[in-house]
Amino acid sequence: MSRKKGFKGFFRLFSAEAYKGEQGYIRTQKIYEVVRTILYFAISLSLFAAGFITTGNRLNLLTVVAVLGCLPASKSAVNMIMFLRCRGLGREAAAQIAPWEGDLDCLYDMAFTSYSKTFEVGHMAVRGHTICGYSEKKDFPEREFQAHLEPIMKTDGHKNVTVKIFTDLEKYRERLTQLQALDKESGTTEGIVRTLKSVVL
């Protein structure tokens with residue numbers, strides 16, 4: 001995927017939503033989260049240092065501001081850790097999948113979080129009420145993922161949605177070919193894609 005150079009490309013790099021669902025999103029987001037976290041903590045540290053240097057002690061207004069600044073910094077650190085734990089779809093697997101996408105609505109690097117675990121699906125394809133995906137983790141907990149995703153779909157008004165995750169690349173590519181023969185059901189497909197994007201990291 002090509003990216004614009006110059007200032008537009010620079011600002012797009014630091015947009016959390018810019019590449020969600022696109023190839024390389026996890027890799028780009030890791031950079032974003034690390035830079036943002038370092039910047040937030042650096043601002044708090046510099047405010048604390050400025051207050052201490054100007055007053056000679058820690059009991060000053062800038063110390064209070066610095067402490068409050070640690071709240072968004074800590075939140076950013078949590079997001080950073082979550083993204084650093086994710087891998088995203090490998091480039092080799094992505095290259096093998098791309099020729100089979102056709103006109104399907106496809107998503108990359110989808111990391112779904114629940115209270116107990118994170119479900120990483122490297123590639124997903126949506127056609128009508130059918131969702132299929134590929135995970136490079138051979139022990140992917142498909143039933144748990146289905147149980148996690150189905151209530152989300154129903155809440156957004158998507159009923160009778162079927163979800164199938166493959167860990168065998170060849171079988172997944174065969175399924176992509178089969179999906180292309182199904183009716184696209186434009187409104188349904190786009191709605192499900194929006195829902196999927198809204199519930200991933």
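Mentor: Start with the accessibility classes. Buried means under 20% relative accessible area, exposed means over 50%, and partly exposed lies in between. Keep in mind that this is a predicted model.

Trainee: Why is Val64 called partly exposed?

Mentor: Val64 has a relative accessibility of 47%. Val64 sits in helix α3, residues 61-84.

Trainee: What makes Val64 part of a nonpolar patch?

Mentor: A patch residue needs over 30% relative accessible area and no salt bridge, and nonpolar side chains are joined within 5 Å. The patch on the surface consists of Leu61, Leu62, Val64, Val65, Leu68 and Leu71. Together they have about 560 Å² of accessible area.

Trainee: Now the salt bridges. How many does the structure hold?

Mentor: It holds 6. One of them joins Arg36 and Glu33.

Trainee: How do you know that Arg36 and Glu33 form a salt bridge?

Mentor: The closest N and O atoms of the pair are 2.7 Å apart. The cut-off is within 4 Å, so the pair qualifies. Arg36 and Glu33 are 3 residues apart in helix α2, residues 25-55, so about one helical turn separates them. Arg36 and Glu33 are both buried.

Trainee: What makes Asp103 and Arg127 a salt bridge?

Mentor: Their closest N and O atoms are 2.8 Å apart, and the limit is 4 Å, so the label holds. Asp103 lies in the loop between α4 (91-97) and β1, while Arg127 lies in strand β2, so the pair ties together parts that are 24 residues apart in sequence.

Trainee: Which class does Asp103 fall into, and which does Arg127?

Mentor: Asp103 is at 48% relative accessibility, so it counts as partly exposed. Arg127 is at 3%, so it counts as buried.

Trainee: And Arg173 with Glu170: how do you know that they form a salt bridge?

Mentor: Again by the N and O atoms: the closest are 2.8 Å apart, and the criterion is within 4 Å. Arg173 and Glu170 are 3 residues apart in helix α6, residues 169-179, so they are separated by about one helical turn.

Trainee: Why is Arg173 called buried?

Mentor: Arg173 has a relative accessible area of 15%. Buried means under 20%, so Arg173 is buried. Glu170, with 40%, is partly exposed.

Trainee: What stands out about phi of Asp109?

Mentor: Phi of Asp109 is near 50°, a positive value in a residue other than glycine. Asp109 is in strand β1. With a relative accessible area of 6%, under the 20% cut-off, Asp109 is buried.

Trainee: What about phi of Asn160?

Mentor: Phi of Asn160 is near 60°, also positive, and this residue is other than glycine. Asn160 is found in the loop between α5 (142-155) and β4 (162-166).

Trainee: Why is Asn160 called exposed?

Mentor: Asn160 is at 70% relative accessibility. Exposed means over 50%, so Asn160 counts as exposed.

Trainee: Where is Phe112, and why is it called buried?

Mentor: Phe112 lies in strand β1. At 0% relative accessibility, Phe112 is under the 20% cut-off and so counts as buried. The C-alpha atoms of Phe112 and Lys197 are separated by 9.5 Å, though the two residues are 85 residues apart along the chain.

Trainee: Where is Lys138, and what makes it exposed?

Mentor: Lys138 is found in the loop between β3 and α5. Its relative accessible area is 61%, over 50%, so Lys138 is exposed.

Trainee: Last, the largest pocket. How much space lies in it?

Mentor: About 170 Å³. It is lined by 14 residues, and the closest to its centre are Arg87, Gly88, Glu120, Glu136 and Lys137. The elements that give two or more residues to the lining are β1 (105-113) and β2.

Trainee: How do the lining residues divide by kind?

Mentor: Into 6 nonpolar, 3 polar and 5 charged. Gly counts as polar in that tally.

Key
Residues are numbered from 1 along each chain as its sequence is written. This is a predicted model: local features need pLDDT of at least 70, side-chain atom pairs count only at pLDDT 80 or more; totals for chains, interfaces and linings use all residues. Side-chain values use heavy atoms; hydrogens and water are left out. Patches are made of residues with over 30% relative accessible area and no salt bridge: like charges are joined within 9 Å, nonpolar side chains (Val, Leu, Ile, Met, Phe, Trp, Tyr) within 5 Å. Accessible areas come from the Shrake-Rupley method with a 1.4 Å probe; for residues, only the protein chains shown count as cover. A salt bridge is a side-chain nitrogen of Lys or Arg within 4 Å of a carboxyl oxygen of Asp or Glu. Helices (H or I, at least four residues) and strands (E, at least two) are DSSP runs, numbered from the N terminus. Buried means under 20% relative accessible area, exposed over 50%, partly exposed in between (1.4 Å probe, protein chains only). On a 1 Å grid over the protein atoms alone, a cavity is a set of points where a 1.4 Å probe fits but cannot get out, and a pocket is an open set with protein on both sides within 12 Å along at least five of seven lines; lining residues have an atom within 4 Å of a point. Grid points are joined across faces, edges and corners, and a volume is the space filled by probe spheres set on the points.
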